[in-house]
Amino acid sequence: MTFQLLVNSIWDQSAVARVTDGSDAEVAAEQPNVSVITGGPRHLTLTQSGTAARRYVYINKTTPMSFDSLVMARADRHVGHSVAFRWWSNYTSTSTDLVTSTNWAPTLVGPRAQDYILTGLSVATAQAAGVVLDSGSGGAYTKKLSQLFFCNSFSFPQAPTVRTISAFGPIVIGRQHYLVNEQLQIVWPQLTRAQVNTIQALPRVLTEPCFLYDSTGRFLIDKLLHVMITRLSVVAEFNDLHRLTMECFALRQYS
Amino acid sequence: MSLWILPNTIGDVATTLTESGMTIASGYDRTHIINGARSSHCRWQPASGSQQIRYLLPTNYTPTHMVIARADWLCTQNTMRVKGFQRSSGGVWSGISGADYNPLAAANLMGPRSQDLAFAITPSEFTGFGLEADTISGTEALQISKLFVSVGFQFNVEPSFRPAWEPIPKSTTYDMRSPLYGTFPLEVEAVLEMRFQGVTTAKVLAFKALPRILNWPFFLFDDSGVIWSWKLEHVLLQSYEINTSDADYHDITLKFLRLKQYE
């Protein structure tokens with residue numbers, strides 16, 4: 001069983017997110033809205049002008065970036081087209097493809113089977129990472145990208161209990177409204193202090209949406225949930241064992 | 001296992017809703033029979049013979065039940081024969097075997113005020129479904145509140161305790177509630193909580209995928225009368241809670257609001 005918490009770690013490591021054409025030249029007209037891919041409400045979309053190839057890339061200057069997972073929200077929009085998830089050790093010259101296909105047919109997960117997740121990666125020396133979108137077999141199309149996360153995931157060492165309650169409405173985090181449809185209370189009864197510290201130190205874990213992933217679907221029946229965590233409560237139980245209660249809301253999903 | 005959840009599966013996907021053998025009365029809208037409060041209804045002008053309400057479908061469906069809200073309006077002085085109807089791929093309409101009340105009588109009706117009718121169907125044609133009401137004598141004006149044709153759903157576990165309806169907290173103005181998803185308010189008169197223990201993941205997913213379960217009223221049909229002697233409830237989903245403590249084992253608690261019943 002793998003139950004993971006995935007935040008957009010790369011956004012914390014990188015200096016800039018950039019939208020470029022197929023030759024890695026920045027698309028100035030679309031660049032101002034590139035922050036859509038870094039987080040925020042699920043309904044936000046970065047839409048290109050035209051149908052040319054596009055690359056959406058997180059770039060750092062010198063310090064290598066690392067990640068072990070990636071999540072693309074609304075990956076269903078790119079099914080049947082050319083998709084490549086790529087990282088560069090030396091941007092733009094030296095790259096490695098994690099996934100590449102001209103007729104992308106991924107296994108999508110989530111309540112509406114809209115999202116894509118790739119885990120089990122081991123990238124530690126990236127100067128840049130992103131996705132390359134082009135027409136592919138499906139032909140030219142206007143590319144719309146929602147959130148794209150590259151994550152250093154946290155894998156919980158034990159099974160939780162999960163309580164899901166219907167909760168249709170908005171929640172407000174800071175000044176940002178998020179439309180949600182479920183509230184989840186997830187309890188892990190025995191985590192060490194070090195594990196709790198690691199979770200609490202994840203970048204923007206309480207201020208930005210993140211993903212919860214249960215690869216087997218045993219506890220998260222939709223396997224992948226795009227959530228906003230509103231509370232992490234830690235109670236010391238015994239010795240170095242702590243009960244962690246996570247309260248979060250599942251972001252509403254749309255057609 | 002006797003409790004069915006009956007959404008209006010066919011009404012949700014039908015491409016056409018029409019009638020045959022009658023003309024809609026002035027000022028009425030036939031779409032009111034798809035969804036909405038029990039107070040909304042449709043009436044057709046008096047006619048004799050076979051009067052049919054028809055849902056046409058874009059693709060084949062295999063429903064399991066039909067429900068008529070305010071079927072008491074079909075218990076007319078001259079009586080009416082009420083049947084389920086189905087449409088073949090060639091466009092021919094015929095009666096569904098077994099779904100035949102000849103004539104419909106007050107003793108057939110269900111619900112807290114004995115106003116509705118629900119019955120199982122086993123269709124042999126799948127491109128359209130509907131209701132036929134035949135006049136026994138004279139002319140009759142067909143009038144109903146809702147016509148549901150449902151692909152029924154069961155959790156395959158009994159509710160964990162005998163559920164009881166409780167009155168809703170009274171407001172100072174009116175007792176109206178909006179569905180979970182959407183804003184259209186409906187008059188309600190009671191609340192019920194039901195808990196199902198040991199539901200599989202597949203069943204939880206299937207429940208959440210039921211058509212319009214979050215924003216349209218639907219029916220709870222206790223076909224054996226084990227839970228309610230009146231067998232049928234017209235409800236709105238107020239909330240759901242799912243507790244998961246083990247693999248493929250979920251406790252799901254549902255709160256239903258009974259739609260207000262009128263004379």
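1. The structure is a predicted model, in which local features need pLDDT of at least 70 and side-chain atom pairs count only at pLDDT 80 or more, while totals for chains, interfaces and linings use all residues. Residues are numbered from 1 along each chain as its sequence is written, chains are lettered from A and ligands numbered from 1 in the order in which they are written, and side-chain values use heavy atoms, with hydrogens and water left out.

2. The secondary structure of chain A consists of two helices and 19 strands, where helices (H or I, at least four residues) and strands (E, at least two) are DSSP runs numbered from the N terminus. The radius of gyration of chain A is 18 Å, which agrees with the value near 18 Å that a compact globule of 255 residues would have; this radius is taken over C-alpha atoms, and the globule rule is 2.2 Å times the number of residues to the power 0.38. Taken along the principal axes, the C-alpha atoms of chain A fill a box of roughly 55 × 40 × 35 Å.

3. Of the 255 residues in chain A, 55% are buried, a term that stands for under 20% relative accessible area, with exposed meaning over 50% and partly exposed the range in between (1.4 Å probe, protein chains only). The accessible surface of chain A amounts to about 10,200 Å², and 46% of that surface belongs to carbon and sulfur atoms; such areas come from the Shrake-Rupley method with a 1.4 Å probe, and for residues only the protein chains shown count as cover. Among the contacts in chain A with a separation of 6 or more, 73% are made by residues 24 or more positions apart, a contact being heavy atoms within 4.5 Å.

4. Chain A carries 20 positive and 17 negative charges, whose mean positions are 4 Å apart. In this count Lys and Arg are positive and Asp and Glu negative, while His and the chain ends are not counted; the place of a charge is NZ of Lys, CZ of Arg, CG of Asp or CD of Glu.

5. Chain B has two helices and 17 strands. For its 263 residues the globule rule gives 18 Å, and the radius of gyration of chain B is 18 Å, so chain B is as compact as a globular protein of that length. The C-alpha trace of chain B spans about 60 × 45 × 35 Å along its principal axes.

6. In chain B, 52% of the 263 residues count as buried, and the chain exposes about 10,800 Å², with carbon and sulfur atoms supplying 48% of that area. Residues 24 or more positions apart account for 76% of the chain B contacts with a separation of 6 or more. The side chains of chain B include 21 positive and 24 negative ones, and the centres of these two sets lie 4 Å apart.

7. Over all chains the structure holds 21 aromatic pairs, in which rings of Phe, Tyr and Trp (its six-membered ring) have centres within 6.5 Å, with planes under 30 degrees apart called stacked, over 60 edge-to-face and the rest tilted. Phe3(A) and Phe156(A) form an edge-to-face pair, because their ring centres are 5.9 Å apart and their planes stand at 80°. This pair links distant parts of the chain, since Phe3(A) is in strand E1 (residues 3-6) and Phe156(A) in strand E14 (residues 154-156) of chain A, 153 residues apart. Both Phe3(A) and Phe156(A) are buried.

8. A further edge-to-face pair joins Phe168(A) and Tyr181(B), with ring centres 5.3 Å apart and planes at 65°. The pair crosses between chains, from Phe168(A) in strand E15 (residues 161-173) of chain A to Tyr181(B) in the loop between strand E13 (176-177) and strand E14 (186-199) of chain B. Tyr181(B) is partly exposed, at a relative accessible area of 31%.

9. Ser14(A) sits in the loop between helix H1 (9-13) and strand E2 (16-20) of chain A, and its relative accessibility of 10% makes Ser14(A) buried. Apart from neighbours within four places in sequence, Ser14(A) is in contact with Tyr58(A), Ile59(A), Asn60(A) and Met65(A).

10. Pro211(B) belongs to the loop between helix H2 (201-208) and strand E15 (218-222) of chain B and is partly exposed at 22% relative accessibility. Not counting residues up to four places away in sequence, Pro211(B) touches Pro7(B), Thr9(B) and Asp12(B).
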